[in-house]
Amino acid sequence: MIRKVRKHIVQNEPLIFERSSPGKNGCQLPALDVPLVDPAAALGAQNVRGEIEGFPEVSEVDVIRHFTRLSTWNYAIDLGMYPLGSCTMKYNPRVNELVARLEGLAWAHPYQPEALSQGALRIMQRLAGALLEITGMDAITLQPAAGAHGELTGILLVRALLESRGNPRKKILIPDSAHGTNPATAAIAGYAVENIRSNDQGLIDLEALCKSVTDDVAALMVTNPNTLGVFEENIVKAVEILHAKGALVYMDGANMNALVGIARPGDFGIDVMHLNLHKTFSTPHGGGGPGGGPVAVKQILEPFLPIPCLKSSGDSLTLDYDRPQSIGKVRAFYGNFGVLVRALAYILAHGGDGLRNATVDAVMNANYIRHKLAPYFDLPYPRPNMHEVVFSDDFQSKLGVRTGDIAKRLIDYGFHPYTVSFPLIVHGALMIEPTETESKQELDLFIEAMIDICGEIEKTPELVTQAPHDVRTTRVDEVAAARKPVLRWKP
Amino acid sequence: MNYPADFSYTKEHEWVKVDGNTATIGITDHAQHELGDIVYVDLPKVGANAEAGTTFGSVESVKAVSDIFSPVTGEIVEINESLASAPEKLNSDPHGEAWLIRVRMTGHEEIKQLMTASEYQEYVGAES
Amino acid sequence: MQARDELFAHLPEDVVLHRPLDLPAGVSEYEIVEYFKARAAENATWPSFLGAGVYRHFRPVVVDTVASRGEFLTSYTPYQAEIAQGTLTTIFEFQTMICQLTGMDVANASMYDGSTAVPEAAMMAARVTGRHRILAARTVHPEYREVLRTYARNQGMPVEEFGYDPKSGGIDLADLESRLNRETAAVIIQSPNFFGIVEQVNAAAELAHKFGALLIFVFAEAVSLGLLEPPASADIVVGELQSFAISPSYGGPFAGIVAAREKFLRQMPGRLVGQSVDTHGNRAFCLTLSTREQHIRREKATSNICTNQALIALMATVFMTLYGKEGLRELAVQNLSKAHYLARKLQPRFSGPYFNEFVAVPNVPVEEVNRQLIDRKIIGGLPLDRFYPELAGSMLLCATEMSKRDDMDAVITVFQA
């Protein structure tokens with residue numbers, strides 16, 4: 001029985017261009033206090049454009065109505081749980097939004113004199129210190145703009161270190177359970193990718209790893225816990241194997257929500273890793289970004305960090321560009337400062353114990369779901385899981401229903417789908433991560449929904465295979481969208 | 001599905017039809033079925049070289065990409081331009097209208113290594 | 001259910017942290033706000049004449065009203081189109097408006113920022129042309145060029161720079177031509193350039209095309225698009241949208257874009273939203289052409305990017321709709337007028353046409369100018385010797401619609417002392 005949602009009428013709304021009316025405008029400028037300059041005279045007529053054809057012309061109330069109506073068509077954390085595995089869709093605290101907008105922080109220009117920017121620099125330093133304590137690493141850069149960007153930075157650091165030793169090497173080893181950004185990153189960093197097969201427990205196969213680690217291998221990219229939510233129990237041995245051959249180990253920090261306060265990557269031998277501030281540290285996803293991907297390293301990689309680095313100079317902070325071995329810059333300026341502020345606010349709110357408690361709750365919630373759903377869904381890898389659990393659609397596919405269909409039916413029950421068909425090592429995967437945010441009530445609603453859907457699969461499978469039904473927008477024809485792409489509005 | 005007897009087949013699910021020195025190459029019905037609705041085909045330019053065992057292009061569905069491997073070596077003398085605007089032909093007629101490229105082969109040895117229609121039929125029966 | 005400790009019993013002993021995290025205890029909301037207020041107070045919030053890639057423009061209130069809605073702020077990437085039409089529709093509108101502004105055929109749903117969009121465009125040009133050399137103008141933002149080098153180094157893409165005309169401040173076309181050859185994948189120019197000068201885009205494009213190279217056009221000051229002729233002769237346009245209601249925020253988060261001609265569509269990096277229909281035939285939007293991206297192509301992806309700066313792009317979209325066709329032009333004309341008022345009194349160093357930024361040479365050392373301005377609680381322009389040693393003694397100044405006449409008069413006074 002569907003308990004989380006009930007039908008309601010939702011506003012229609014055209015595209016903003018279809019709302020336009022000539023002469024309307026939503027923003028008024030103050031009168032000029034200097035003489036008006038004629039563009040053609042100042043720039044040359046050939047440099048001045050004609051009108052911006054098709055650009056919207058609407059009033060402020062049009063703008064408010066337009067975007068408010070559109071927003072009601074979205075699901076969001078504020079409306080309920082996202083069971084998305086490896087996304088860590090936890091609550092986005094609102095105090096974060098307030099502090100990020102404080103004038104002194106929001107309006108700071110990256111080139112303003114350091115003496116007038118100590119507040120910003122101190123925030124960066126405080127966050128850096130906290131993240132180093134959490135990860136057990138020695139040094140950190142806050143520059144990368146997102147997880148994948150952090151991955152690239154990390155691999156470039158590896159390359160720089162190996163180059164300084166005389167040979168950058170050729171290959172990066174990546175488990176077949178890895179997120180797609182890992183091999184894409186390796187390629188952009190100029191490395192070839194070699195896949196490592198997981199063993200029958202879904203973990204890194206040490207024997208296979210041993211064979212694959214040659215003098216051509218620069219690094220292993222590992223996610224821990226892995227994309228099955230399972231801790232790589234042989235991680236210390238795996239690290240030893242890599243280090244023995246002069247290679248390094250990179251950890252994708254996407255699943256840190258299982259480790260904060262419990263175990264530290266630096267302690268189990270990781271040389272370099274990235275963090276996802278928009279996952280573990282509560283900064284909002286905003287519909288797809290912005291994120292933040294700080295990269296923490298062991299001392300051996302410190303000289304190569306992107307410039308500038310934060311340095312103490314007396315009792316003030318300064319940005320140090322004098323770093324001859326640095327890999328350079330991976331983006332302009334210093335990082336997604338606004339995102340860093342939010343992450344620090346989250347850390348301050350929780351404190352050391354609070355962060356650990358969050359991890360414990362996250363792992364407990366995932367295990368509660370596992371325990372309740374295990375009678376209904378196939379668990380391909382029965383090892384203990386941490387903050388997420390991966391089922392397969394094996395039982396249901398025998399009745400002609402796949403993970404993608406179950407996910408769509410979940411929408412009718414008022415939830416966002418879990419992660420479908422990933423990781424690739426599980427056929428028909430259902431990857432579920434509740435996070436610590438969810439109360440027992442929300443978890444129970446989710447569990448009940450999943451169990452009800454299993455019942456529907458037996459009795460009325462079309463209800464599931466044709467889902468969702470009760471939404472404003474039903475399944476979108478992605479084939480047509482790809483065959484004949486229409487990527488912009490035209491009059 | 002009927003796999004034409006006058007074609008040869010590869011383990012990567014391509015078919016080849018030989019006419020003198022020219023090989024016409026496409027993907028099999030099994031391949032298009034595995035891919036689902038095909039949205040795009042990436043083909044090489046006429047005049048490029050094909051090499052046996054190396055990819056010459058790819059076929060895309062919404063959620064997956066498959067590389068296509070050439071079974072023979074030679075110069076690509078013709079490509080099927082119609083697939084640019086109608087990739088769905090690969091789903092409806094993979095063995096006929098939706099041929100991909102034509103290659104002027106350097107030799108005939110490579111063809112001899114491929115499977116016959118009945119061998120391929122057994123191969124895909126075993127795979128699924 | 002197991003006791004809490006049992007949840008972690010399976011972890012290897014040598015891996016578990018056996019002490020609490022060495023971090024202060026959690027604090028209340030009040031204390032968090034106090035902490036950040038104290039930090040904010042240590043940063044100056046004075047009038048400023050800094051530009052150089054980050055611009056002070058008024059942020060209409062409605063931008064945050066919209067961006068703060070939980071359905072936008074706390075929603076996920078729109079992979080499940082049925083429950084993300086809000087986000088998908090706004091991105092489709094965003095893509096459209098970028099095309100309208102830049103004159104390109106397709107635009108993506110945004111990149112991290114302008115600086116990282118540049119190497120993405122360079123890699124695109126390398127894929128399209130099959131060539132590897134990149135020629136970048138020295139008048140492209142220095143930090144953008146540095147980022148380009150970091151990426152290009154590992155892609156086997158040699159980056160060579162060409163100079164500027166010391167009189168006009170625009171690119172040296174002769175220098176460009178002398179360096180172009182049939183190995184060049186792309187020529188990269190920025191307009192208005194780092195000195196604020198409007199470049200000869202068509203001339204640069206003609207040269208590039210003569211050698212079969214692509215022209216990559218970069219913009220750092222998005223407001224200029226409201227007034228300046230769009231780069232119709234460019235093949236790829238990339239840039240930074242920070243000027244469109246994105247807080248300077250000490251350098252990020254911002255949003256970059258990549259826009260291009262239709263024929264380069266499948267080489268575009270980043271997310272793309274396309275129009276389609278649902279099962280009832282209603283217009284609906286979805287992410288499309290995903291096979292270019294990392295989650296499918298993996299090591300053969302056009303980029304490793306996973307994010308699009310959705311919330312930032314949304315702010316820019318709201319800004320663009322609020323100002324609209326006429327408003328954006330009026331805003332740009334105000335910027336032009338303010339900067340020209342200031343520049344005419346200070347004597348620009350370069351003779352080329354400029355938008356809202358220019359280079360000036362004060363009678364006293366630039367450090368002295370800025371020190372005196374700080375005494376008046378004004379932040380002056382950027383001393384250029386940091387990036388262009390040959391321009392030591394010069395300063396890059398920017399005036400926008402937020403610059404008050406009184407403050408500009410103060411700058412003039414200090415300059416002319």
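A salt bridge is counted here when a side-chain nitrogen of Lys or Arg lies within 4 Å of a carboxyl oxygen of Asp or Glu. In this predicted model, one such salt bridge is counted between domain 1 of chain C and domain 2 of chain C.

Domain 1 of chain C spans residues 62-318, and domain 2 covers 325-416. Their C-alpha centres are 28 Å apart. Where the two domains meet, 25 residues of domain 1 of chain C contact 26 residues of domain 2 of chain C. About 2000 Å² is buried between them, and carbon and sulfur atoms account for 67% of that area. On the side of domain 1 of chain C, three residues stand out: Phe194(C), Phe195(C) and Leu227(C) supply 30% of the area that this domain buries against domain 2 of chain C, more than any other three residues.

Polar interactions also feature at this interface. Nine residue pairs are in polar contact across the interface of domain 1 of chain C and domain 2 of chain C, counting pairs with both residues at pLDDT 80 or more. Among the elements of domain 1 of chain C, helix H6 (residues 142-152) gives the most to the side touching domain 2 of chain C, contributing three residues. By residue class, that side of domain 1 of chain C consists of 13 nonpolar, six polar and six charged residues.

Notes
Residues numbered from 1 in each chain as written. Chains lettered and ligands numbered in written order. Predicted model: local features only at pLDDT ≥ 70, side-chain atom pairs only at ≥ 80, totals over all residues. Heavy atoms only, no water. Domains from an automatic or database assignment. Contact = heavy atoms within 4.5 Å. Buried area = accessible area lost by both parts, 1.4 Å probe. Polar contact = N/O pair within 3.5 Å; in protein donor to acceptor, adjacent residues only side chain to side chain. Helix = DSSP H or I, 4+ residues; strand = E, 2+ residues; numbered from the N terminus. Nonpolar A, V, L, I, M, F, W, Y, C, P; charged D, E, K, R; others polar.
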